[in-house]
Amino acid sequence: MSLTTVGVVGAGTMGNGIAQVCASAGLTVKLLDVSREMLDKALASIEKNLGRRALEPAHKLAVLARIELSTDYGCLQDAGMVIEAATEQLALKQEVLQRVAQYVSPQCVIATNTSSLSITQLAAKLPLPERFIGVHFFNPVPVMQLIEVVRGLRTNDQAYAQVVALAERLNKVTITSTNRPGFVVNRILVPMINEAVLVYQEGIASAEDIDSAMVLGCNQPLGPLALADLIGLDTVLAILKSLYDGFNDSKYRPAPLLKELVAAGDLGRKTGRGFHAYD
């Protein structure tokens, strides 16, 4: 049966991006969050992003019309796939996923957009864990082409095939990862960001010079500290903690300055200040 309706739980940066690309591909999207305020903010963000793409007004309105907002998990009952995009916290994601499982059909694929948590662990408390899978989009979702598809210990071939088919419909490219901390991209990327934080923390160079060095010297499109600000310093810290706990290896220990900035609430672009300041 072809996929027509996708549920997205969590209307933050990643969730509204996933909702946008799914609706743009012609799918009906049920976007769910705990408050109407969060949902209205998400829809405004999607509308703003669509405005940057120079779409015909009728096309833009059609995309927005395919996004249905709700605070009720019951709206997910007719979804063929539900993608959880809650904050990167194990207990929170487990709670959200268990609630999703209460409302969807047994045939519905349940996916998580986690960037570092164990797919097998998240699936363990769900009925039918074989239909559970990791679908890691990258920020900003409408721009970034990659999706990491992560199979848990019990993920079946049908769930995997449906996720790959969705990615193709969204004009995304998939890579497949086994269930290891950080998967592929973040296991490589986040330790590099952490090393950049240590270089800055030790006073070796300014944040601006560190970013310029990697952009001009390594041809990276964005410096590691600016990228950390874009990702969110709280998310970077959560991924590092997951790597550190998962491998029990000191090379993944988060830089003290990163922990201090997160404790201060300086999380990057979303709060206006991180390693750099933003309007």
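I take the expected span of a helix as 1.5 Å times one less than its number of residues. The model is predicted.

**Helix 2.** I checked its length against that rule. Helix 2 (residues 36–51) has 16 residues and should span 22 Å. Its end C-alpha atoms lie 22 Å apart, which agrees.

Next I asked which residues of helix 2 are buried. They are Leu-39, Ala-42, Ile-46, Asn-49 and Leu-50. I then looked for what covers the buried residues; the cover includes helix 1, strand 2 (28–32), helix 3 (57–65) and strand 3 (67–70).

**Cores.** The largest nonpolar core holds 37 residues. Ile-18, Leu-31, Ile-83 and Phe-137 touch the most other members. Helix 1 (residues 13–24) gives this core its largest share, six residues. Apart from this core I found another, of 23 residues, including Leu-32, Tyr-73, Leu-97 and Ile-110.

Leaving out residues up to four places away in sequence, its contacts include Val-6, Val-9, Ile-18, Asn-113, Phe-137 and Leu-166.

**Backbone.** I noted a cis peptide bond between Asn-139 and Pro-140, with omega about -5 degrees. Pro-140 sits in the loop between strand 6 (132–137) and strand 7 (146–151).

Asn-219 is not a glycine, yet its phi is positive, about 60 degrees. I place Asn-219 in the loop between helix 8 (207–218) and helix 9 (224–231). Asn-219 is exposed, at 69% relative accessible area.

How values were computed. Residues numbered from 1 in each chain as written. Predicted model: local features only at pLDDT ≥ 70, side-chain atom pairs only at ≥ 80, totals over all residues. Heavy atoms only, no water. Core = buried A, V, L, I, M, F, W, Y, C linked by side-chain atoms within 4.5 Å. Buried < 20%, exposed > 50% of the residue type's maximum accessible area, 1.4 Å probe, protein only. Helix = DSSP H or I, 4+ residues; strand = E, 2+ residues; numbered from the N terminus. Contact = heavy atoms within 4.5 Å.
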